[in-house]
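Student: I would like to go through this structure by question and answer. Please show it before we start.

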Amino acid sequence: MNWIITYMLSTLFLLICIDNFNIPSVDAKQSKEWDVLIFTQHWPLTVCLQWKEVVPQHTCSLPTIKNTWTVHGIWPTKLGTKGPQFCNSSMHFNKTELEPIEKQLELYWTNIHNGSIYSLWKHEWKKHGTCAAVLPALGTERKYFGQGLEWINQYDMSNILSKSGIEPKNQSYTPQNIWDAVYKTLGKIPAVQCIVDPKTKDVYLFEIRICFDKNLTLTDCDGIKESAIPAIGIKTNCPLNKTIIYPSALPTFHEKPFYTISMPVFRQHSWLFEALRIIQFLQWFTF
């Protein structure tokens, strides 16, 4: 039985790696085309919560500035799908290019997972930056990451949510509250992402995504591949019948891990449940 489990886990891991690392298709030109840039900010405490639930011994590197959202990434995206990714293997990551803005990146493009800060930036550049670089305005590491800093300052979700009275605290909010707060300020359709604790059923605010066109002008995210609620027209994976926790501190950890809402439930097979937990984290980390 053990060898069967090992084989199945290895197969699952291989499949997810193949999917995430996006082996190029025959039509390489088509695979590199994209329509919008998804600028994703995530809430560090929720990111840390998910990270520590993968392995309790994990530690987090939280921003030194209190109540600060941080950049997850700038992702060139073809409407209705994901990607492209890894568009130009000849564009190697060179950390010296980022030295003039490194201190700012450490504050606002933080590796919450407490690893090498360069490993996060290298990953984002190779997977997404090399695709965004077709635009002259994003054609170098300095420009790509510098744009992220510009957007996090201009569209800081802490300030945007605060304008509607939404603050990180014990009080809960509805998905509509969060979505409306962003739309009210920006006038463009965002996407709101949550994670859920399958044991307590508590829902946590995880990420907020806004979109830009190729002129780097704010645009609606209505065409991106995200969960949506057709009846009310908001893009979110958060259940509408639950309130969202926007945590001000790390909650008490539970035995069972956190998942994004879309994770299938296989609790009756604990080994598979554990494997899927790790695989889904890899999917999120390698976005």
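Student: Is Ile101 buried or exposed, and at what relative accessible area?

Tutor: This is a predicted model, in which local features need pLDDT of at least 70, side-chain atom pairs count only at pLDDT 80 or more, and totals for chains, interfaces and linings use all residues. Residues are numbered from 1 along each chain as its sequence is written, and side-chain values use heavy atoms, with hydrogens and water left out. Buried means under 20% relative accessible area, exposed over 50% and partly exposed in between, with a 1.4 Å probe and protein chains only. Ile101 is therefore buried, with a relative accessible area of 12%.

Student: Which residues does Ile101 touch, not counting those up to four places away in sequence?

Tutor: Ile101 is in the loop between S2 and H4; helices (H or I, at least four residues) and strands (E, at least two) are DSSP runs, numbered from the N terminus. The C-alpha atoms of Ile101 and Arg142 are separated by 7.9 Å, although the two are 41 residues apart along the chain. With contact meaning heavy atoms within 4.5 Å, Ile101 touches Arg142, Phe145, Gly146 and Leu149.

Student: What span does helix H6 reach from its first C-alpha to its last?

Tutor: H6 covers residues 141-154, which is 14 residues. The expected span is 1.5 Å times one less than the number of residues. That gives an expected 20 Å for H6, and the model is close to it, at 20 Å.

Student: Which residues of H6 are buried?

Tutor: An α-helix has 3.6 residues a turn, so residues three or four places apart point the same way. The cover over the buried residues of H6 includes strands S1 (36-42), S2 (70-77) and S5 (203-212) and helices H4 (102-108) and H5 (117-132). The buried residues of H6 are Glu141, Tyr144, Phe145, Gln147, Gly148, Leu149, Trp151 and Ile152.

Student: How many aromatic pairs are there, and what is the class of Trp109 with Phe145?

Tutor: Rings of Phe, Tyr and Trp (its six-membered ring) pair if their centres lie within 6.5 Å; planes under 30 degrees apart count as stacked, over 60 as edge-to-face and the rest as tilted. The count by this rule is twelve aromatic pairs. Trp109 and Phe145 have ring centres 4.8 Å apart and planes at 55°, so the pair is tilted.

Student: How many of the residues of S5 are buried, and over how many bridges does S5 pair with S1?

Tutor: Two strands pair if DSSP finds at least two bridges between them. S5 is mostly covered, with ten of its ten residues buried. Leu37 has Phe212 as its bridge partner in S5, and S1 and S5 pair in the antiparallel sense over six bridges.

Student: Which strand runs parallel to S5?

Tutor: Strand S4 (residues 191-196) pairs with S5 in the antiparallel sense over six bridges, and S6 (residues 218-219) runs antiparallel to S5 with two bridges. Val203 stands opposite Ile244. Two bridges join S5 to its parallel partner, strand S9 (residues 244-245).

Student: Which residue has its charged end over the ring of Trp34?

Tutor: A charge sits over a ring if NZ of Lys or CZ of Arg is within 6 Å of the ring centre and within 35 degrees of the ring normal. Lys95 lies over the face of Tyr118, at 4.7 Å from the ring centre. For Trp34, at 5.0 Å from the ring centre, the residue is Lys214.
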